[in-house]
Structures are given as C-alpha cells and as structure tokens.
Amino acid sequence: MPHAKYAWPLFRSLASYSLPGDLMAGLTLAAIAIPEQMATARLGGFAPQIGFFAFMAGSLGFALLGGNRFLSCGADSTITPIFAGGLAALAAAGTPEYQGLAIALAMMVGAMMLAGGALRLGVIANLLSVPVMVGFLAGISVHIIVSQLPGVLGLQSPSGPTLDRMGLLASEIGLSNPFTLCIGFGVLALVFVFETISAKIPGALIGLVAATLATIALGLESKGVNVVGSVPGTLPRPTFPELAPELWVRLVPLAFVITVVVMVQTAATTQSFPSDPDTPADVDRDFLGAGAGSVLAGLFGAFPVNASPPRTGIVAETGGQSQLAGLAAAAIVLVLLAFGTGLLQHVPDAALGGILLFVALRIIRFRQIVTIYRQSFSEFLLIVATAALIIVLPIQQGAFLGIVLSLLHGIWSTTRARLIEFERVPGTTIWWPAHPHITGERVQGVAVIGLQAPLSFLNAPGFRSDVTKVLTTTPQLLVLEASGMVEIDFTAAQILLDVFKVCGEQGVTVALARLESVRAQDAFEGFRLFDALPREHVFYSVDEAVRKLAKADSQLGHTGRDANSL
C-alpha cells in the first residue's frame, strides 16, 4: 500500500514507497543493470567493479536529493565515450592517472549539476535541439560500435581517428575469431529477441550467463576468447584525487560538455516518466539528484553518472513506486561485489561487447530520423552534420561543436523571423496572419503587422527593414500586433524608438495591440518606449486600435485582399 506523499528535503523520492512493488522492481532493475554497468565500465576503460560503484553512487545520490520516483541513475553509454575520449588525451586508459582524472571529472560534473539545480537552470536542458540530439546520439552510437567490434571479432583494437579505425577493421575482418564472433553476435541477437518480447526480461543477463557457461563448458579461453578475469571483491571507499591545479582547469570544458548532456538526458527522462502525470516534472530537483550521484561516484572512485531512460522505464513498468527500487538494486549489486565477484571471472569480453552493440543500435532514433527527413530536410542536414562532427573529430570536440551547432541553429531560426501582415477575418473582429488559402479583409489606409518571435539584436535590423517597406505603401495607421514579441532587448528597443520616430515624421499614426508578455511590458517601461508611443495608443486588440484610431469607416471603406495591398 503506497504511503501518502509528503515533502522531505532529503529522500523525498521515497515518500510513496511500496515495499513489495519496489523490491520486485529493484530485482528486475539489478538483473538488467549488472551486465549493462559492467559493459559501460569496460567501454570507458575501467574495471567492471567501477561500473558497479557508479551505479550504487548514482542510485544513492538520486534517492537522496532527486524528486522523480522512477528515475534510474548510473553509468551511461551516452556520456562514457565522450569523457573517455577526453580523459585519454590526458592520460592512458587504465592507469592511476586516468582513474584520478575520472574521479575529478565526476566531482566537477556533480558540482555543476548541483549548481544548475540550485539556481533552477533547467532551461539549459534546451541547449540541444531535437535534430542535434538525434545526430549526437547517432554519432555516439558509431563510436560505441567501432570501439566494441574488435572485441566481438577477436581482433586487436586499432588506434587513431574513428574513420581510420573503421577502415582498418574492414580490412582485417577476415581474421576474425569465429568463437568470439559467435558469442558477441549471439548475445546481441538474444538481447534483441527478449527486448522484442518484453523489455522486462533481462535479456542481457541471460545472454551473459549463457555465454559464460558456454565459454567454461567448451574451454573457449584456450581458443582465443578473452574473459573479464579476476574481479576484486572490493567495496567503494571514500577517495579524493590528487591532481595538479592545471589538470583541474583542463577538465573544465569537458565537464561542461558532459554536464549539458546529462542535463538534457535527465530532463528528457524525468519528463517521459513523471512521478505524477498531473504535475509538471521538477527538472531542477532531478538535476540535484543526478548531481549528488556524480559527486558520490567521484567519492566512490568512479566516473560521472547519468539518467537512463530504458532503466527508468523498467522501474515504472515493473511496479516500482519510489527510489526504494533503485536502492534495492544497488544493495543487490553491493552483495554481488562483496560475495559474488568470482562468478564474473569467466564472462567473455565479447559478450559485454554484444550488449554494448545492442545499446548502440538502440540509441539511434531511426524513426525520428526518417520523420525529420520527410518533414524538414534542412533539419535532417543538421542531424547529418552533428553526427559527422562526432564521428570525424575527437569525440569531446565533436560533442562541444554539436552544442555550438545547436545554439547556432536556434540563433539562425530567430534571425529568420520576418514581419507578417494581418487581415481581418470577414464578418468578425478577429485579425489573423494573411495566408494565400484564407480569405481576409484589409482596411484602406491601415497596415497591421507583427513579429512572431522575441524582438532582439538578432532580428531587429530585419524588423526595421521590413517596416520601412511597409511604410512605402503610405498607410495612415500602423498597428503593431505584439502577441508574439515575448521579449524585447536593448538593441531592439532602440530600433523601435527609431521606427516610432520615422512614422511620426511621415505622419503615420502608430498603435500597439496585444502586448501580452510581462517581460515585453517591462521592456516598454524600462526602455522608455512609452515616451515615443502614447499610452492611449496601446490596446487590448487590433480591432479596438483600428476602430479608435482609423478614420471613419465611411471614409476608409472595406476592401478585399487585392485592393490597396501592402
């Protein structure tokens, strides 16, 4: 029986726990997370137990400060290739220096996430547009596939740029070890089959167990099949990296990129699986939870953690009611670490590679790519460009440029905002944007215009140019329909003042209608725009402005679209 909700500063996500439901969901979550966390750790160049540390830290940290009842936080294949590539530029994978950098990075990402949550910076999650995020995931997927294919094929892992590695793998595919190939693609096929039947079935765990038993029974280690080997039964203990100050500084750009990606994925996850469908998701609170998870991961000697949409979906679908499910899964992993690491000794590397190949193929949003291609070819090109940046460049640089590309796309969209003309819907008092397939009326001597975007330094020069063209038609009344102008910055305000001045010099009366945005109203006050536009020329509707400021209807007359067009 779920307990009533109540607000706690800590462990708020436990408020509605249900012991039977959460324990069952936790058992299922652990069965799915154990092979996935091992594989993700290996993807980043870490020992398998470090992935378990990350999962336990993410689960505990999110339960401590997060708000979402279902969200699962831990090692994640989306961010792991990014920070692994960034850390590899500073230290060799597997060395103590590499481990120390990863710990420091986790703490920095956690601190940034905590700051973002405390300052309510959930808007940062919008830095990546959907096409850029889709391209970003496609590029990450290619990196995962290229990094795991050597282990699955039984080949030496090549070094160098991704494209060079792809070419080298293609040239050596005939040298593949048939046993590792069968294990890797066999596990991949098993996971796909079970995922198709039900996401609740721990296909990765079943595949991992089957591959391990086959390796032992058939003596495949003697036939070139590499295994995980001895996994220390150590438990996480408090640690702090001893790094030179300049190394902390060099980690800042990478930490920022990882933080943005974690924010985007955390926001998407908590909005997809809300604690209460009738209440808006508290993204900022969940930033605190994910941030606490990364800080604890650093203290546990692991790497940054992230929200996982698939694991979160499993918790929600298997009866989980609170973060008790995640804590139960973390407890199971802790028991495995303490007493069962011997069970992991003969797990084939190729099986972990097969699991990661499945993850890589799953994060490519094929349907969304096709939809965007059909509906907006220019944004499809944005997907291709982002994926190309991630694949061709060092991954951390590609990820940073992907964020820049997303911002440039937003800026470009804003600068494309052009002035639109309004017409009156026949027989009504409604003024609507002119459209070639909709019949509308215009009033002689009256121009009704608007901008359906914030008016800023990005589009204000174009706005002035468009208004100048409208003034060449010599209207007697210019009505600015301002419902779409939700914000006005200083540069735009100066241009508005110039427009009002030019209209006055040409004898054109200016009116403002539907200035609905509070921020835009504040801008009119703060930038002293009402000094140039009389307050009695501000109206609640276009119709009211036209009725009160235009000449008598008998003198103006009503015209169709083609008469006296602007």
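Q: What is the average pLDDT of the protein chain?
A: This is a predicted model, and the protein chain averages a pLDDT of 90. At least 70 is the score of 96% of the residues.

Q: Where is confidence lowest, and where is it highest?
A: Helix H21, residues 553–556, has the lowest confidence, with a mean of 39. Strand E1, residues 72–74, has the highest, at 97.

Q: Which residues have pLDDT under 50?
A: Residues 1–7 are one stretch where pLDDT stays under 50, and residues 552–566 are another. For residues 1–7 the model has 17 contacts beyond four places in sequence, and for residues 552–566 it has 30. Where pLDDT is low, the predicted coordinates should not be read in detail.

Q: Moving on to helix H13. How many residues does it have?
A: Helix H13 covers residues 349–363, which makes 15 residues. From first C-alpha to last it reaches 21 Å, close to the 21 Å expected at 1.5 Å a residue.

Q: Is H13 mostly covered or exposed?
A: Mostly covered: 13 of the 15 residues in H13 are buried.

Q: Which one gives the most?
A: H5 gives the most to the lining of the largest pocket, with seven residues.

Q: Why does Asp 466 count as buried?
A: Its relative accessibility is 11%, and buried means under 20%.

Q: What does Asp 466 touch?
A: Leaving out residues up to four places away in sequence, Asp 466 touches Arg 418 and Leu 419.

Q: Last one, cysteines. How many disulfides are there?
A: The count comes to zero disulfides.

Q: And Cys 73, buried or exposed?
A: Cys 73 is buried, because its relative accessible area is 1%.

Q: Why does Cys 182 count as exposed, then?
A: Cys 182 has a relative accessibility of 55%, and exposed means over 50%.

Key. Residues numbered from 1 in each chain as written. Predicted model: local features only at pLDDT ≥ 70, side-chain atom pairs only at ≥ 80, totals over all residues. Heavy atoms only, no water. Disulfide = S-S within 2.5 Å. Buried < 20%, exposed > 50% of the residue type's maximum accessible area, 1.4 Å probe, protein only. pLDDT = per-residue confidence, 0-100. Helix = DSSP H or I, 4+ residues; strand = E, 2+ residues; numbered from the N terminus. Contact = heavy atoms within 4.5 Å. Expected span 1.5 Å × (residues − 1).
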